[in-house]
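Thanks for coming, everyone. Please bring the structure up on your screens and follow along as I talk.

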Amino acid sequence: MSSRPVTHNTWKRLGILAGGGSLPVRVASAEAAAGRRPYIVHLTDDQSALDAYPGDHVQIGELGRVLKVLKEQGCDAVCFAGQLKRPNFASIKADLRGAMLLPKVVSAARKGDGAILDVIVAAFEGEGFQVVGAEDVADQLLLPAGTLGSFKPDAEHFRDAVKASQLIAALGPFDVGQGAVVRNGFVLAIEAAEGTDAMLERCAALPENLKGYEPGQKLAPLGVLLKRPKPNQELRVDLPTIGVQTVQSTAAAGLAGIMAPAERALMIDRDDLIACADELGIFVYGYQTAELKS
């Protein structure tokens with residue numbers, strides 16, 4: 001994994017390009033707690049929790065409008081936070097700047113979502129904005145090393161995690177997803193365009209003989225969901241994220257726990273996440289790179 005310098009407190013005003021989910025809310029709250037007034041660029045219409053902050057609602061493709069309003073508001077840095085569905089590029093209503101960028105985005109889309117993000121990040125940097133990660137604003141979101149909660153992975157779980165990590169690394173050139181599920185050395189799923197929760201739903205629906213169980217074996221929770229950045233991923237956007245929903249989906253899939261790289265993954269609502277994991281009897285573990293050396 002590549003590393004980069006942390007950029008805490010090096011901006012005057014932060015613009016948050018907010019998608020869905022809890023992450024944009026946590027980033028805005030942390031920025032406000034630091035005594036700064038973030039400006040919210042709403043990319044979805046379901047973030048009423050962000051209405052307390054100044055902002056504007058825009059459509060995907062209105063790059064010119066976004067750049068204009070951010071500059072008018074005195075923003076010198078931007079943070080991409082939250083979930084966005086891949087749009088239907090043919091139906092995007094782009095302004096002039098968006099239309100100029102769209103061919104590059106469409107071309108990048110053939111390589112994967114990571115390539116799209118690279119193009120967008122470059123566009124904002126080309127306009128003089130500093131692009132920062134959610135963890136630069138709210139470092140409490142970073143997954144710490146070790147076990148969160150009462151349950152811990154064992155040696156078998158680590159072996160499964162090694163294989164899952166190797167799978168994601170090997171698929172790096174194809175810009176596939178950030179997650180894989182391995183149970184007793186048996187690959188159950190690799191995340192693609194559907195996202196982590198949908199991947200886990202696929203795992204839950206598998207017949208028992210395809211889940212790696214021996215005939216007559218007790219159906220105890222087994223296997224690991226591993227999430228990690230893709231090789232050469234732009235680490236300022238789209239770090240692997242786990243939250244209560246991830247924990248619930250992992251348990252529903254019959255897995256024993258979740259592993260993600262310490263300091264290279266985000267966790268949403270730590271206390272609720274731990275309480276949920278303890279209640280459902282699964283582990284959440286932040287691993288160090290050396291721990292997954294096979």
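Start with strand E4, residues 77–81: five of its five residues are buried. Buried means under 20% relative accessible area, exposed means over 50%, and partly exposed lies in between, with a 1.4 Å probe and protein chains only. Helices and strands here are DSSP runs, numbered from the N terminus: H or I of at least four residues for helices, E of at least two for strands.

A word on the source. This is a predicted model, where local features need pLDDT of at least 70, side-chain atom pairs count only at pLDDT 80 or more, and totals for chains, interfaces and linings use all residues. Residues are numbered from 1 along each chain as its sequence is written, and side-chain values use heavy atoms, with hydrogens and water left out.

Back to E4. In a regular strand, side chains alternate between the two faces of the sheet. Here Ala77, Cys79 and Ala81 point one way, Val78 and Phe80 point the other way, and all are buried.

Which strands does E4 run parallel to? One is E1, residues 14–18, joined to E4 by five bridges. Another is E5, residues 130–132, with three bridges to E4. Two strands pair if DSSP finds at least two bridges between them. Look for Leu17 opposite Phe80. Then find Ala77, whose bridge partner in E5 is Gln130.

Next, the open sheet. It has six strands, in the order E6-E13-E11-E9-E7-E8, with mixed pairing. The edge strands are E6, at 146–148, and E8, and each pairs on one side only. The twist averages 25 degrees from one strand to the next. For angles, axes are lines fitted to C-alpha atoms, for helices over the stretch in contact, and values run from 0 to 180 degrees between N-to-C directions.

Take E7 and E9: they pair in the antiparallel sense over four bridges. Val182 has Val224 as its bridge partner in E9. Helix H7, residues 196–205, packs on the sheet and touches E7, E8 and E9. Contact means heavy atoms within 4.5 Å. The direction of H7 makes about 140 degrees with that of E8.

Now E7, residues 179–183, and E8, residues 186–190: four bridges join them, and they run antiparallel. Arg183 stands opposite Phe186. The two strands form a hairpin with two residues between them, and Asn184 in the turn has a positive phi of about 50 degrees.

Two loop residues also have positive phi. Asp175 sits between helix H6 and E7, with phi near 55 degrees. Asn232 lies between E9 and E10, with phi near 65 degrees. Buried or exposed: which is Asp175? Asp175 counts as buried, because its relative accessibility is 18%. Asn232 counts as exposed, because its value is 78%.

Last stop, the helices. H8, residues 244–252, lies across E9, E11 and E13, running at about 135 degrees to E11.

In H9, residues 270–280, the buried residues are Leu273, Ile274, Cys276 and Ala277. They sit on the same side of H9 because they cover an arc of only 165 degrees around the axis. That arc is taken from the directions from the helix axis to the C-beta atoms. The face turned away from the buried side of H9 carries the exposed residues Asp271 and Glu279. What covers the buried residues includes E6, E10, H8, E12 and E13. Just after H9, Gly281 takes a positive phi of about 75 degrees.
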